[in-house]
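Please follow this account with the model at hand.

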Amino acid sequence: MKRIAVLTSGGDGAGLNPCIRAVVRTAIEKKVEIMGVRWGYSGLLDSDMLELNARSVGGILNKGGTFIGSARSPEFATKQGQRQALRNLNRMSIEGLIVIGGNGSLTGALELHKMGFPVVGIPATIDNDVNGTDISIGVDTTLNTILDAVDKIKDTASSHQRAFLIEVMGRDSGYLALMASIAAGAEIVLIPEVGTSMEEVVQGVDDAYVKGKSHCIIIVSEGWQPGAMALNDYLQERREKIGFDVRLTVLGHVQRGGSPTSYDRILATNLGAAAVNQLLEGPQGVMTGMIKNAPSPTPLEEAVAFQKKLNLDLYGLWKTMTL
Ligand code: F6P
């Protein structure tokens with residue numbers, strides 16, 4: 001291959017810039033030209049690309065977000081959009097593509113692969129719900145951001161003897177909520193993978209009060225139903241039954257920004273370099289993930305076949321620590 005391209009797609013996260021940097025510098029070392037596609041798959045449809053060199057990725061290792069931009073592109077999800085993308089790639093003499101993103105983005109990569117275009121994916125999503133990798137780029141930084149917030153909230157919660165509902169991201173996955181609950185010591189965790197009723201939460205908050213705890217931290221995954229807002233209303237209406245005053249904090253997009261941790265920088269660099277080698281040497285149509293500390297290929301079909309299951313043994317571990 002003489003010329004390849006890289007794009008970041010879907011929700012951003014810390015570590016995308018170090019990954020692009022690794023892709024670019026590995027390609028250049030192999031004497032392959034490398035284009036950066038702007039705004040995810042939208043840039044393929046508009047031929048919005050820029051040539052990258054070793055210097056254009058200087059000074060970005062410690063920066064959050066993605067300097068080439070990202071997007072969710074409904075247009076690319078159509079057959080017509082994919083044909084247009086292929087046409088633009090061929091017109092620009094691009095012979096291979098690296099896609100950095102989560103399930104939706106990797107599904108797009110699979111479509112291009114099925115149309116015969118050489119593609120390699122790299123898992124990057126704070127939700128950590130992609131198959132074929134132990135961890136995705138961005139997860140570690142997000143978890144550390146959540147811990148920083150929860151530790152701070154705990155200080156004020158204890159000072160006022162309050163219960164706090166803290167909503168964390170994870171569209172369909174309770175990974176961040178469960179890991180944060182283990183690492184920050186939450187009294188209650190609510191995740192979509194485990195059905196917990198609002199009445200059980202009332203009981204849990206009351207238990208914490210009766211045990212003499214000075215606070216009750218409840219970490220709520222965005223994907224848990226009926227949701228943190230509804231639970232907040234429910235708890236406010238039962239103030240007398242639960243001992244604590246209740247407050248709600250939604251962490252929101254603060255979880256996606258910030259400088260990548262050392263773990264994310266090293267993970268992203270490893271996967272970026274390995275993905276370029278995979279694209280050049282083949283077989284393509286795979287995702288380069290991290291399995292048992294080694295970059296490893298998984299066919300894109302398998303990577304996106306279903307959402308990675310949460311290890312519920314860890315739910316038991318969290319529970320034991322709440323005693
Ligand atoms: O998939 C990553 C994620 O951060 C989810 O956890 C969250 O539900 C979603 O993206 C938010 O997407 P947006 O930034 O488009 O609102």
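A residue is taken to be near a molecule if one of its heavy atoms lies within 4 Å of that molecule. In this predicted model, the residues around the ligand are Arg72, Ile126, Asp127, Met169, Gly170, Arg171, Glu222, His253 and Arg256. Sorted by class, this shell comprises five charged, two polar and two nonpolar residues. Domain 1 (3-138 + 260-303) and domain 2 (140-256) each contribute residues to the shell, and therefore the ligand lies between them.

For Asp127, an N or O atom of the side chain is 2.7 Å from a ligand oxygen atom. Arg256 places a polar side-chain atom 2.8 Å from an oxygen atom of the ligand, and for Arg72 the corresponding distance from a polar side-chain atom to a ligand oxygen atom is 2.9 Å. On its own, the ligand has 400 Å² of accessible area, of which the protein covers 77%. The space that the ligand takes is the largest pocket.

The structure contains one cavity of 30 Å³ or more. The largest cavity holds about 40 Å³ of space. Its lining consists of Gly11, Asp12, Gly13, Ala14, Leu16, Ala124, Thr125, Ile126, Ile137 and Gly138. By class, five of these lining residues are nonpolar, four are polar and one is charged.

How values were computed. Residues numbered from 1 in each chain as written. Predicted model: local features only at pLDDT ≥ 70, side-chain atom pairs only at ≥ 80, totals over all residues. Heavy atoms only, no water. Polar contact = N/O pair within 3.5 Å; in protein donor to acceptor, adjacent residues only side chain to side chain. Areas by Shrake-Rupley, 256 points an atom, 1.4 Å probe, with all protein chains shown as cover. 1 Å grid on protein atoms, 1.4 Å probe; cavity = no way out; pocket = protein on both sides within 12 Å on 5 of 7 lines; lining within 4 Å. Sits in = over half its atoms within 2 Å of the grid points. Nonpolar A, V, L, I, M, F, W, Y, C, P; charged D, E, K, R; others polar. Domains from an automatic or database assignment. Points joined across faces, edges and corners; volume = space filled by probe spheres on them.
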